[in-house]
Amino acid sequence: MSAHQATMLLAGLALIITAARLLGSLVQRLGQPRVVGEILAGVLLGPTVLGTGLSAALLPGDVRPYLAGLAAIGLVLFMFLIGLELDHRVVASVGRKTVSVTVGSIVVPFVLGGLLAFHLADRHAVTHPAVFALFVALAMSVTAFPVLARILTDRGLNRTRLGCLALTCAALDDVIAWTLLAVTVAVAGTGGSGVWRAALLVPYALLMMYLVRPLLQRRLAGRDASRVDTLLIVAGMLLSAGLTEWMGLHYIFGAFLYGVIMPRGTKDQIRQAVRRQIEPVSALLLPVFFVVAGLAVDLRALGSAGLLDLTLILTVAVAGKFAGAFAAARLSGLPARPATALASLMNTRGLTELVILSVGLQLGLIGTGMYSLMVVMAVVTTLMAAPVLWATGYGRRTQQPLPADLPRGAETDDLAVAAAGDNRPMEER
C-alpha cells in the first residue's frame, strides 16, 4: 500500500464512520432503528446521489479493495455475534404459534417471490432462471432478527408476550434463512470441486458441534469473564469462516456456526464477556460493509420499467410477508391487533437482507440493477415496522412484562395485556 492509498483509506474510513453516525442518529430521532440510517449512509455515498465521479474521488478504486477487506472482517464479526446471541432455548421451546407464524411468514413470500422472479428474469438478463428465482424467493422471505430486537427494545416490548413471540419467530426465521442461503449457494455452484467441497458442510457442522464445542468447553471451563481468551476465540472464528469460504459456501456461514457452538458458561458469563470485547470492533467495521454495499447501488437509470419492477418487488415483499404472518397468527388464535403488530415486525428485513443481497451480488446470482431494487425494498420494509406498531397501539403505552423466570420463546395466549417493560436502549449490534 502506497502512502497515498493509506491516506485515502484513513480519510475514507473517517468519512464512512461520520456519515453512518450522523444518519444513524437522525433516523433514530425519527423513531427508526439506527441501522436504517447506516444503510442509507452507504447508499448516499454511492453513485446514486454523488454520481460516479465524486463517489470515486471520495473513495478511489484502488482503495476500495482494502475497504472490502475491512467490510468482510466487520461482517464476519457480526455474523459470529449473531450466532453467539442465538438463544438455544428458542429452538427448544418453540410452540404451535411460533411454528405457524414462522412457516406462514416464510412460505407465502417465498412462493410469491419465486413466481415474481420468473417474471423478472427476462428483463434482467438472467442466465440461470431457476437459481435466480430461488435466490429472490429467499430474499423475499427473510426477517432481520437484530433489527427487530432493536425495535422491540426501544419500545419496551422485548419482555412482553408479543415481543417474546416475535423474537422467537424471527430467530427461527433467521436460522431457516441462513440454511436456505447455503442451499442456494450450493445449487449455484458450477460443478467440479465446488460440489464436493459444498458437500463437506454437513460433516463440518457435525465436527464443530461434537468435537470443537467440547474442546472449547474444556478450555473455558471454570474461567471467569476476566480470563476469557478472546484472541484465541477470534482466531478460531476466522479459521472457521475461511474454511466455509473454501467450501464455496461463503465465509458468513463459518462465522455464524462458530458463534452458535460457543459455550455459554455459568449464567452466560462467557458469552457476555466475548460479546463485550468483540462488539465494539464490529460496530466500528460494520458501517464499512454498508458503504461497500451501497457503492453497488445505482438508481440513476431506474426509468419507468425499473419503477414498475420496484413496485412489484415492494408489493410482493410487503403483502407476502404480512399476509403469511398475519393469517398464521390469526389461525393460531391471536386477536387481530397483536396479529397485525406481529406481522409488521416479521416484515422487517434490514441488515439480514443486505447481507444476503451482498452474497448474491458477489456470487453473480443477481445483477447490479436487481441488487439496487432489492436494497430499496429492504430499507422500505424496515421503515414500515415502527409506524405500523404505533398505529396498532404497541409502543405508545407500556406493556406487561413477562415473569422473570419465563424462558425466552415461551408462549401464552394472552398477547394484549398491558403494563411496563424495560425501555433502556439495546446495545448496538
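Modeller: H4 and H14 are oblique to each other, because their axes cross at roughly 140°; angles under 35 degrees count as roughly parallel, over 145 as roughly antiparallel, 65 to 115 as roughly perpendicular, and the rest as oblique. Helix H4 covers residues 64–85 and helix H14 residues 269–295, and their axes come within 6 Å. The axes are lines fitted to C-alpha atoms over the stretch in contact, with angles running from 0 to 180 degrees between N-to-C directions. The crossing of H4 and H14 is left-handed, that is, the near helix is turned anticlockwise from the far one by less than a right angle. By class, the contact of H4 with H14 has 20 nonpolar, two polar and five charged residues. Here Ala, Val, Leu, Ile, Met, Phe, Trp, Tyr, Cys and Pro count as nonpolar, Asp, Glu, Lys and Arg as charged, and the others, Gly among them, as polar.

This is a predicted model, in which local features need pLDDT of at least 70 and side-chain atom pairs count only at pLDDT 80 or more, while totals for chains, interfaces and linings use all residues. Residues are numbered from 1 along each chain as its sequence is written, and side-chain values use heavy atoms, with hydrogens and water left out.

A second pair is H17 (residues 350–362) and H18 (residues 368–392), whose axes come within 9 Å and cross at roughly 175°. H17 and H18 are therefore roughly antiparallel to each other. On the H17 side the contact (heavy atoms within 4.5 Å) includes Leu354, Leu357 and Leu361, and on the H18 side Tyr371, Met374 and Val375 are among the residues met. By class, this contact of H17 with H18 has eight nonpolar, four polar and one charged residues.

Serine 141 is buried, with a relative accessible area of 2%; buried means under 20%, exposed over 50% and partly exposed in between, with a 1.4 Å probe and protein chains only. Its side chain reaches the backbone oxygen of leucine 138 at 2.9 Å and that of alanine 137 at 3.3 Å. Leaving aside neighbours within four places in sequence, serine 141 is in contact with Ser105, Ile106, Pro109, Phe110, Asp173 and Lys321.

The protein chain as a whole has 18 helices and zero strands, taken as DSSP runs numbered from the N terminus (helices H or I, at least four residues; strands E, at least two). Buried residues make up 52% of its 429 residues.

Notes: A polar contact is a pair of N or O atoms within 3.5 Å; within protein, one must be able to donate a hydrogen and the other to accept it, and residues adjacent in sequence count only if both atoms are side-chain atoms.
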